Amino acid sequence: MTSRRKVQAVIGFLALLILAIIYMIPLAMVLMNSLKGNLFVSQSPFALPDAQSFSAFQNYTGGVEKTGFFKALGLSLFITIISTVVIVLVTSMTAWYIARVKAWYTTVLYYLFVFSMIVPFQMVMFTMSKVANVTGLDNPLGIIVLYTGFGAGLSVFIYVGFIRSIPIELEEAAMIDGASTWSVFFRVIFPILRPTAMTIAILNAMWIWNDYLLPYLVIGSQWQTIPIAVRSYMVGSYGQKDMGGFMAMLVLAIIPIIVFFLIGQKSIIKGVTAGAVKG
Amino acid sequence: MRVAQYMKKWFPVFALPTFLAFILAFVVPFGMGLYLSFTSFRTVNDARWVGVQNYVTAFTENNDFLHSLGFTVVFTVVSVISVNVIAFALAMALTRAIKGTNIFRAVFFLPNLIGGIVLGYVWNLLINAVLKAMFSQDLTYSATYGFWGLVIVVNWQMIGYMMVIYIAGIQNIPSEVMEAAEIDAAGFWAKLFQVTLPMLAGSITICLFLTLSNCLKMFDQNLALTDGAPNNETEGLALNIYRTFYAIRNHQGVGQAKAVVFFIFVSVVAYLQLRATRSKEIDA
């Protein structure tokens, strides 16, 4: 019995190992081809770089120059970080208000937020970019307002679910002690919300970092985030495509994500699980 | 009650900032979108009421919209099933005593963090290279390639996420329940269908909901992998609507009408799915 179990465990391990290797092939392919000369990318994509095809970091230097990669990286970082911080903060305040003040308008607000989660972006993409245009939100600062509005649905929903499980006596006691509403929130409630805030931060950061269509429509004519830069590199190059440079751009676009994942692996997996289970 | 009274007048500070952003980003665009779907317009200011004309045009002008609807439905059915079956199988394997489960989990989860555009292009390279080596063809040659290509991309992206949710669910099953089943000498399949799956109904509801809505709304992967090629045959709903707006002349009204149909379709499907699976959930 035990030896049979052992054999099963070894077979299971090997099967998973093979699957994991297959899983990594696409990324390995891109990495490998990013180190090869342009011609070799399209002619022999499966070959490892050799003395003839190896182009060192030429693709990287060329690609970085053509796409303005570091500018795109800076913009993506700016938009993602600021939007995430703003969302984590303001939607937690709103959720607290909705969860504790029971009135017709908080109920309406809550269901509006929940409703917005299911609406496909295509429904509002055209009109939203018009609104952004008219109200002057069509710049990297304004887009943070749009992300706050669009990210509010999921964030408020998750926060409210959690806040309702906090006994209200905590706030009552603090208020009897004379604490202001402001300090009750930031001294009592927000510290309890910290794990949920982490979930909200991760879910929103992942989404905003990778978002293509919203920034493309709203600020894409002047400002390029990483997904926009990657796509315009592919679409914009007529005739001879610089595939080597494109591979290098894909690798550069993926590196920040891998770094983010390596740093916060545990909280990320915990965060998305918690977010899904509460959602 | 006291707390609510204290808080009430703080609406401008606590609720208003989010609410204002929400109005600008969602409420106004949504309302305008509904209205504009019944008008002919190019710049919003020149909107002219045309009744249901846009809706009629969307379905009758040519077959593209219905084709994209069919494409999205078949794609969604295939992907939802494959993602969930594979993710569940991985979750079962990775909750056993196997070496290196944490590393495996990380490897399978990682692609989920990479966005649809980058992911689409990564796979575009790989699939084209394979097709070229085997048949001297590429993704633009046949819609079958594009269809299965999209299924593979979405599987690669979402399996890890769903796996993580299933793992959390499996770990929450009380061990006494499993032990009781083992004492009753239940076999592997009996345990799976009579204990594990019913106990996981909550996780299944969530995973179905997430995969379903993501597949129905899929856009980035579609844009990057096939861009509709060949001849719009691999065009999903979201991509069809996007192109109606921005690639066909004077079709903004039609695009908006299609978007309303899309919105209603996604909402109805999500509602039916939640109602159907929620009823199977048991309180553990």
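Biologist: What is the mean pLDDT of chain B, and what share of its residues reach 70 or more?

Modeller: Chain B has a mean pLDDT of 90, and 99% of its residues reach 70 or more. For chain A the average is 88, with 97% of the residues scoring at least 70. The model as a whole scores ipTM 0.89 and pTM 0.91.

Biologist: Where in chain A is confidence lowest, and where is it highest?

Modeller: The general idea is that where pLDDT is low, the predicted coordinates should not be read in detail. In chain A, helix H2 (residues 38-43) has the lowest confidence, with a mean of 74, while helix H4 (residues 69-100) has the highest, at 95.

Biologist: Let us turn to the fold. How many helices and strands does chain B have?

Modeller: Chain B has 14 helices and two strands. Its C-alpha trace spans about 75 × 75 × 30 Å along the principal axes. Of its 284 residues, 42% count as buried. Among contacts in chain B with a separation of 6 or more, 75% come from residues 24 or more positions apart.

Biologist: Which domains does the assignment give for chain B?

Modeller: The assignment gives domain 1 (2-53) and domain 2 (62-278). Their centres, taken over C-alpha atoms, are 31 Å apart. Nine residues from domain 1 of chain B and seven residues from domain 2 of chain B make up the contact between them. On the domain 1 side, helix H3 (16-36) and strand S1 (39-40) of chain B each supply at least two residues, and H3(B) gives the most, with three residues. That side divides into four nonpolar, four polar and one charged.

Biologist: How many residues are in the largest nonpolar core, and which have the most contacts inside it?

Modeller: As background, in soluble globular proteins, nonpolar side chains tend to be buried together. Here the largest nonpolar core has 161 residues, and those with the most contacts inside it are Leu146(A), Val230(A), Leu250(A), Val118(B), Met162(B), Met163(B) and Tyr166(B). Domain 1 and domain 2 of chain B both give residues to this core, so it lies between them. To look at one member, Met162(B) touches Val83(B), Asn84(B), Ala87(B), Cys207(B) and Thr211(B), leaving out residues up to four places away in sequence.

Biologist: Now the two chains together. How many residues does each chain give to the contact?

Modeller: Chain A gives 69 residues and chain B gives 73 residues. On the chain A side, the largest share is 12 residues from helix H1 (residues 2-33) of chain A. By class, the side of chain A that touches chain B has 49 nonpolar, 14 polar and six charged residues.

Biologist: At what angle do helix H6 of chain A and helix H14 of chain B pack?

Modeller: Two packed helices are described by the angle between their axes and the distance between the axes. For helix H6 (residues 121-135) of chain A and helix H14 (residues 252-278) of chain B, the angle is about 145° and the axes are 8 Å apart. H6(A) contributes Gln122(A), Met123(A) and Phe126(A), while the residues from H14(B) include Gly255(B), Ala259(B) and Phe263(B). The contact has six nonpolar, four polar and no charged residues.

Biologist: Is Leu110(B) buried or exposed?

Modeller: Leu110(B) is buried, because 20 other C-beta atoms lie within 10 Å. Leu110(B) sits in the loop between helix H6 (101-109) and helix H7 (116-135) of chain B. Setting aside neighbours within four places in sequence, Leu110(B) is in contact with Phe261(A) and Gly160(B).

Biologist: And the backbone? Which peptide bond is cis?

Modeller: Most residues other than glycine have a negative phi, and most peptide bonds are trans. In this model, the bond from Ala229(B) to Pro230(B) is cis, with omega near -10°. Pro230(B) lies in the loop between helix H12 (220-225) and helix H13 (237-246) of chain B. Asp227(B) lies in the loop between H12 and H13 too, and its phi is near 50°, a positive value. Asp227(B) counts as partly exposed, with 19 C-beta neighbours inside 10 Å.

Biologist: What is the phi of Asn250(B), and where does this residue lie?

Modeller: Asn250(B) has a positive phi of about 50° although it is not a glycine. Its place is in the loop between H13 and H14 of chain B. Asn250(B) is exposed, as 9 other C-beta atoms lie within 10 Å.

How values were computed
Residues are numbered from 1 along each chain as its sequence is written. Chains are lettered from A and ligands numbered from 1 in the order in which they are written. This is a predicted model: local features need pLDDT of at least 70, side-chain atom pairs count only at pLDDT 80 or more; totals for chains, interfaces and linings use all residues. Two residues are in contact if their C-beta atoms, placed from the backbone, lie within 7 Å. Helices (H or I, at least four residues) and strands (E, at least two) are DSSP runs, numbered from the N terminus. Ala, Val, Leu, Ile, Met, Phe, Trp, Tyr, Cys and Pro count as nonpolar, Asp, Glu, Lys and Arg as charged, and the others, Gly among them, as polar. A nonpolar core is a set of buried Ala, Val, Leu, Ile, Met, Phe, Trp, Tyr and Cys residues joined through C-beta atoms within 7 Å. A residue is buried if 20 or more other C-beta atoms lie within 10 Å of its own, exposed if 12 or fewer, and partly exposed in between; C-beta atoms are placed from the backbone. Domain bounds come from an automatic or database domain assignment. Axes are lines fitted to C-alpha atoms, for helices over the stretch in contact, and angles run from 0 to 180 degrees between N-to-C directions. pLDDT is the predictor's confidence in each residue, from 0 to 100.
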